[in-house]
Amino acid sequence: MTGSTVASFTADDYRARMERAARTAAEAGLAGLLVAPGPDLVWLTGYTPPAVTERLTLLVLAAGQDPVLVVPALEAPDAQRAAGAPVLTLRDWTDGKDPYAATAALLDASGRFGISDNAWALHLLALQQAVPGSSYTSLTEALPMLRAVKDTAELELMTAAGAAADATFEEIRDVPFAGRREAEVAADLDRLLRRYGHEQVDFTIVASGPNGANPHHEAGDRVIERGDMVVLDFGGLKDGYGSDTSRTVHVGEPADEERRVHDVVREAQEAGFRAVRPGAACQDVDRAARAVIADAGYGEYFIHRTGHGIGVTTHEPPYIIEGEERPLVPGMCFSVEPGIYLPGRFGVRIEDIVTVTEDGGRRLNTTSRELVIVE
């Protein structure tokens, strides 16, 4: 992950996150957490290493122990400037020394640890060799909800990111579509997201005509034509927090079936949103949206989950899918994005980011969900 440290978070905020993470790990039966560079390290400490490197950087968290960041000596000055550094012990190591031996001294020799999903195999294998009695599980598998519930400051940042994505959509409606390549419109989306404050753009899907039947279509050289449905799905990070929204537009007047399919998806998205409330299961939102599409006869063409969590990354737990019985909790943020994809013809998707409130849900995207006509 790249992106700036968010100045609104203090050392005390990061202390509370690290303490909660260590406590939650202990409750899950783990001896501690080992956090490599990536979104978890940024969220827990405010530190983003200056470059991707083979040198070991690892945050060691365990209940009842002070958090320790093992860091290469040449990167220690950067780590010391991180917002969470005042509540960390930095243990640096120099080239030619064994960082795994230094890390091993911090670990329970027979403990089971949660480790970042994106930790390098090189580092994990070396730790296993240095601490042969230890064992490991992925952090997301062990603590899938670690970052799921956002506090008030995080929700403010999520709201601002959603507003920036909305402003991008309002402007993209006015650019020419017909006669331009998908990639050109995608470049417009990227430019607008950055204009409205995104430091990182993760995706700019522009899927026209038959390409709209592919939910993850990469914008390419296809020339958009009058009569095309066009799925727009775009987002990234603003001040370290994610945006993600989808709207489907039509170039010129749509046919009756195109309007009908769009109406079904809009109704399904509304049903999914209305199913959001504290205590409901994640799968209840999926079921509500999916039922509308199935009842309209398009069930086989809704080919992905209804949503995914979002925060310091644009895709993370919780996942809004059948079989996920985890209850919704105020502060959770996730997408509600049903779609219908008719192979060889067109697709429709409508997506808002939604946060769970004390008595329901609140959309973080507020642009029109009606079918927009573009030129």
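Reply:

**Strand β16 and its surroundings**

Let's begin with a pairing: strand β13 (residues 333–336) and β16 run antiparallel and are joined by four bridges. Two strands count as paired if DSSP finds at least two bridges between them. Helices (H or I, at least four residues) and strands (E, at least two) are DSSP runs, numbered from the N terminus.

Before going on, a word about what you're looking at. This is a predicted model, where local features need pLDDT of at least 70 and side-chain atom pairs count only at pLDDT 80 or more, while totals for chains, interfaces and linings use all residues. Residues are numbered from 1 along each chain as its sequence is written, and side-chain values use heavy atoms, with hydrogens and water left out.

Back to the strand. β16 covers residues 352–356, and five of its five residues are buried, so the strand is largely enclosed by the rest of the structure. Buried means under 20% relative accessible area, exposed means over 50%, and partly exposed is in between (1.4 Å probe, protein chains only). Both faces of β16 have cover: Asp352, Val354 and Val356 point to one side, Ile353 and Thr355 to the other, and all of them are buried.

To get from β16 to β17, the chain makes a hairpin through four residues.

Arg363 in this region leads us to a ring. Its charged end sits over the ring of Phe273, 4.0 Å from the centre. A charge sits over a ring if NZ of Lys or CZ of Arg is within 6 Å of the ring centre and within 35 degrees of the ring normal. Arg290 does likewise with Phe302, its charged end being 3.9 Å from the centre of that ring.

Another arginine takes us across the model. Arg181 and Arg363 are 182 residues apart in sequence and 31 Å apart in space, C-alpha to C-alpha. Arg181 lies in the loop between α7 (152–172) and α8 (182–195), and it is partly exposed, with a relative accessible area of 41%. Leaving out residues up to four places away in sequence, Arg181 touches Gly220, Asp221, Arg222, Val223 and Ile224; contact here means heavy atoms within 4.5 Å.

For another covered strand, look at β2 (residues 58–61). Leu58 and Val60 on one side and Leu59 and Leu61 on the other are all buried, which leaves both faces covered. Three bridges tie β2 to strand β1 (residues 32–35) in antiparallel fashion, with Leu34 standing opposite Val60. Three bridges also link β2 to strand β3 (residues 68–72), antiparallel as well, and there Leu59 has Leu69 as its bridge partner. The hairpin of β2 and β3 has six residues between the strands, and Gly64 in that hairpin takes a positive phi near 85 degrees.

Now for some aromatic rings: the structure holds three aromatic pairs. Rings of Phe, Tyr and Trp (its six-membered ring) pair if their centres lie within 6.5 Å; planes under 30 degrees apart count as stacked, over 60 as edge-to-face and the rest as tilted. Phe9 and Tyr14 have ring centres 6.3 Å apart and planes at 75 degrees, so they are edge-to-face. Phe9 also pairs with Tyr241, this time tilted, at 6.1 Å centre to centre and 55 degrees between the planes. Phe9 comes from the segment before α1 (11–27) and Tyr241 from strand β9 (residues 241–242), so the pair ties together parts that are 232 residues apart in sequence. Phe9, Tyr14 and Tyr241 make up one aromatic cluster. Phe9 and Tyr14 are buried, and Tyr241 is buried too.

Stepping back, the protein chain has 10 helices and 18 strands. Buried residues make up 54% of its 375 residues. Among its contacts with a separation of 6 or more, 67% are between residues 24 or more positions apart. The C-alpha trace spans about 70 × 40 × 35 Å along its principal axes.
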